Amino acid sequence: MNYCKSIIFLICMFSPLTAVWAQQKYSSRVIDDKTGEALPYASIYIAEGNGTLTNHDGEFTVLANQDDTLRISYVGYEKMFVKASDLKSPVRLKPFTMEMEELQVKVDQRRDILKKLINQLAEDFDKAKKADGIYFFRTYMVSRKRYPEMTEGFMIARGAVNLRDPYLISGENRSADPNKERYVYATNVFLLYSLGPQIHGRGFWQFATTPLKSYFMMNQKFRLSTQSFVNEEGHRIYVFHLKYKNKVPKGVNHNPVMDGTVYVDSATNHMLRFDGNLLHVTQRVSGNRETASMTIHAEYSYEHGYAEVSHISVEGGNQDMLTRSIVFRVEDYNGKRKLGTMNNLMNDVDKAGFDPELWKRYDIIQRAKAEEQLAKIAKNDSILEQ
């Protein structure tokens, strides 16, 4: 597993290419003030909504004017505002002080909060199930037996509550194999993108056991414990830990099982963050089906009045292949939409092809070291750097 530790993921920043002459790059690393541990996928926002996320190691780079103010935030931590010219490394975010459940929430009260949340998410889906957004995605796959591979691209997807109904716009596959052979043709990576504590849409996940699928399932299948904290706005944020009660199924013929932690704003009934554990799922590699485990981190935006996926990262696999993916929303989409399936990401990307104009539309930051090395080895490595 040590080979995975060298994989560092920098994800992309999108900002309009205006006033470039007055801008310069600013870099830093975001860490937990108490533990010193990196905070992956923390949000970095600049004026007018431009920004990026930190990578797996908490690192980020932004293009900004020296007088721009950066807002650095991570659900569960105090926000920090810093002038670009005053940015130092590392940036230390302070976690909010957690309070024990016995002092704050009785059993009936906390279950009532979750019941309202489950119902609200279902209403959000019904209200905005056809709302589209443009998402950038990057997936890096590595095997002990094969060369690493990477796929990057843009897709249109419906993002209310969880991602679904993708339509690939443009992308490119990259392999470090000198013969340019690929081994993940039968891997539907989009299935990982569509995860969440409540999953809508037909198909693979419809029989999955998930924490917020229904109030009945939550009561029957999960053990509940609670913490809480008060944020800067004075809102109490409840942190619900939903632990799967039963033995995790074995073998490839069982339905997927997931548990995790949900952050809920009691003042708005909004789900802010979900940290999940996919305890049982089947992963197909080179035609062989094997069980795998994944960790999920998702955050949600309510900019449009409903729970919408702002970004989701998924990491894990089994002894044969490890995957790390990041997907995040870059803008609204109001054009005509064709139905797409992305049943096989590798093949679909080949069919969609690479559209350089779409890449020029955004400012994409540098890749991680491992990704950059792969890009140089792979064919057409200079395209995304133009």
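**View 1. Aromatic pairs, with Phe137 and Tyr193 up close.** This predicted model holds 8 aromatic pairs. Take Phe137 and Tyr193: their ring centres are 6.0 Å apart and their planes meet at 40°, so we call this pair tilted. Phe137 belongs to strand 9, while Tyr193 belongs to helix 2 (residues 190–193), so the pair ties together parts that are 56 residues apart in sequence. Are these two residues buried or exposed? Both Phe137 and Tyr193 are buried.

**View 2. A cluster of Phe rings.** Here you can look at Phe136, Phe154 and Phe328, which form one aromatic cluster.

**View 3. A charge over a ring.** What sits over the ring of Tyr215? It's the charged end of Lys115, 5.3 Å from the ring's centre.

View 4. Asp132 has a relative accessible area of 13%, and because the cut-off for buried is under 20%, Asp132 counts as buried. Which side chain does the side chain of Asp132 make a polar contact with? That would be the side chain of Arg158, at 3.5 Å.

**View 5. Helix 6 and what covers it.** Helix 6 spans residues 369–377, and its buried residues are Ala370, Glu371, Glu372, Leu374 and Ala375. So what covers them? The cover includes strand 9, along with strand 10 (149–158) and strand 11 (164–175).

Terms used. Residues are numbered from 1 along each chain as its sequence is written. This is a predicted model: local features need pLDDT of at least 70, side-chain atom pairs count only at pLDDT 80 or more; totals for chains, interfaces and linings use all residues. Side-chain values use heavy atoms; hydrogens and water are left out. Buried means under 20% relative accessible area, exposed over 50%, partly exposed in between (1.4 Å probe, protein chains only). A polar contact is a pair of N or O atoms within 3.5 Å; within protein, one must be able to donate a hydrogen and the other to accept it, and residues adjacent in sequence count only if both atoms are side-chain atoms. Rings of Phe, Tyr and Trp (its six-membered ring) pair if their centres lie within 6.5 Å; planes under 30 degrees apart count as stacked, over 60 as edge-to-face and the rest as tilted. Helices (H or I, at least four residues) and strands (E, at least two) are DSSP runs, numbered from the N terminus. A charge sits over a ring if NZ of Lys or CZ of Arg is within 6 Å of the ring centre and within 35 degrees of the ring normal. Contact means heavy atoms within 4.5 Å.
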